[in-house]
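The questions below ask what stands behind each label and count. Each reply sets a value against its cut-off.

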Amino acid sequence: MKATFKIFRYDPDKDKKPYYKEYTLDVEPNTVLLDVLNDIKWHYDGTLTFRRSCAHAICGSCGMTINGKNRLACQTLIKDLDTSKPIKIEPLKSYPVIKDLVVDMNKFYEKMFKVKPYLVNDNPPPGREFLQTPEEQKLIDEAYSCIWCGCCTSSCPSFWADDDYLGPAALLKAYRFIFDTRDTLTEERLRIVNDADGVWRCHVIFNCVEACPKEINITEYISRLKLKVVTSKL
Amino acid sequence: MSLYMSPKYKEQVLDRKRWFEWDYKWFWGSFAWVLHRLSGWALVFYLLLHIWVIHHLSRGPAAFDQVMQAVGTPLFKVLEIGLWGVIVYHAFNGMRVIIVDFWHGSKYQKQLFFIVLFLFVVLWVGGGIIMALHMIH
């Protein structure tokens, strides 16, 4: 079947303004969108620029706005998109564009680092692994499957309006360590998220949950953080 | 931690950030939130208007009667029916937000929104009819 792809183009060395270019290709319903982009780049237009790496929804490189929704190109099948009109592919919303579909993720990473995305344990090493019960592990089971693709933060209206908002990805990361029984930096972490630009900027809009390619219920974890903040003595 | 950016790159980068991404896909949660915001602003406007009306009490009975006459016109009566709708939506969606935030209701946010919409329509239409009948008589 034939499908048309309307792709956002911007080359800072040539273009003053971004524009959309259409490519019509023969595709199968089960074709993955990333393969279509590769096909365009390799056989039709070598100037098309986009990020990709693993092609298995693990690296989080190919996050983009596809038909108005943030997704990973590598796990989007053509049959799941409306092919009756051109499929619109844009770089992730709200992030600055470097070229075509490649966005600048610096601010996103800065926020991820703000919440200290690593385990801190001041206790003397036990001489073996830090153990957890299955129940304790279950608390963070889903939260640590985040792949840092940035789809959630870019889909969040609170982030659109406020650049300083930590965003769903960073808050999810904060949850993952605050609720990790092996971590000892809980109070400091709670102070970081207890801010006007922290958990309280989340207005439970659920765009992050709809966008997350790993189907993480991010809003639920941000809500648990809110509850933890109001029930803790900070 | 800040990552390196060359000055040339900083100049060339395209800032697409907008206050609201209108062309992003609308989900039920987005509708619930936008309606909550709009009804919130409407309530703030109403409260300011209400305070302005009530402050006429300090200016004596004549001034108060005059302003009450102005807000007693059919236009304001119809607006009151609108105000009832705004209150009902904001109150019930506010409860939905509380349930989501503090009672782990996020898994059922869509169903909760449909309940909010149902209660909003029933109470607004029902209350609106009673208010309209009261207005006619």
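Q: How many residues of chain A are in contact with how many residues of chain B?
A: 44 residues of chain A are in contact with 34 residues of chain B, contact being heavy atoms within 4.5 Å. This is a predicted model, in which local features need pLDDT of at least 70 and side-chain atom pairs count only at pLDDT 80 or more, while totals for chains, interfaces and linings use all residues. Residues are numbered from 1 along each chain as its sequence is written, chains are lettered from A in the order in which they are written, and side-chain values use heavy atoms, with hydrogens and water left out.

Q: What area do chain A and chain B bury between them?
A: About 3600 Å², with 57% of it on carbon and sulfur atoms. Buried area is the accessible area (1.4 Å probe) that two parts lose on being put together, summed over both.

Q: What makes Arg16(B) and Glu90(A) a salt bridge?
A: A salt bridge needs a side-chain nitrogen of Lys or Arg within 4 Å of a carboxyl oxygen of Asp or Glu. For Arg16(B) and Glu90(A) the N to O distance is 3.0 Å, so the pair meets the rule. Across the interface of chain A and chain B the rule finds 7 salt bridges.

Q: Which element supplies the largest share of the side of chain A that touches chain B?
A: Helix H9 (218-231) of chain A, with 6 residues. Helices are DSSP runs of H or I with at least four residues, and strands are runs of E with at least two, numbered from the N terminus.

Q: How many salt bridges are counted between domain 1 and domain 2 of chain A?
A: The count is 0. The domain assignment, automatic or from a database, gives domain 1 (2-103) and domain 2 (106-231). Domain 1 and domain 2 of chain A bury about 1100 Å² between them. On the side of domain 1, Asn70(A), Ser94(A) and Tyr95(A) lose the most area to domain 2, together 44% of what that side buries.

Q: Why is Cys149(A) called buried?
A: Buried means under 20% relative accessible area (1.4 Å probe, protein chains only), exposed over 50%, and partly exposed in between. Cys149(A) has 8% relative accessibility, so Cys149(A) counts as buried. Cys212(A), at 11%, counts as buried too.
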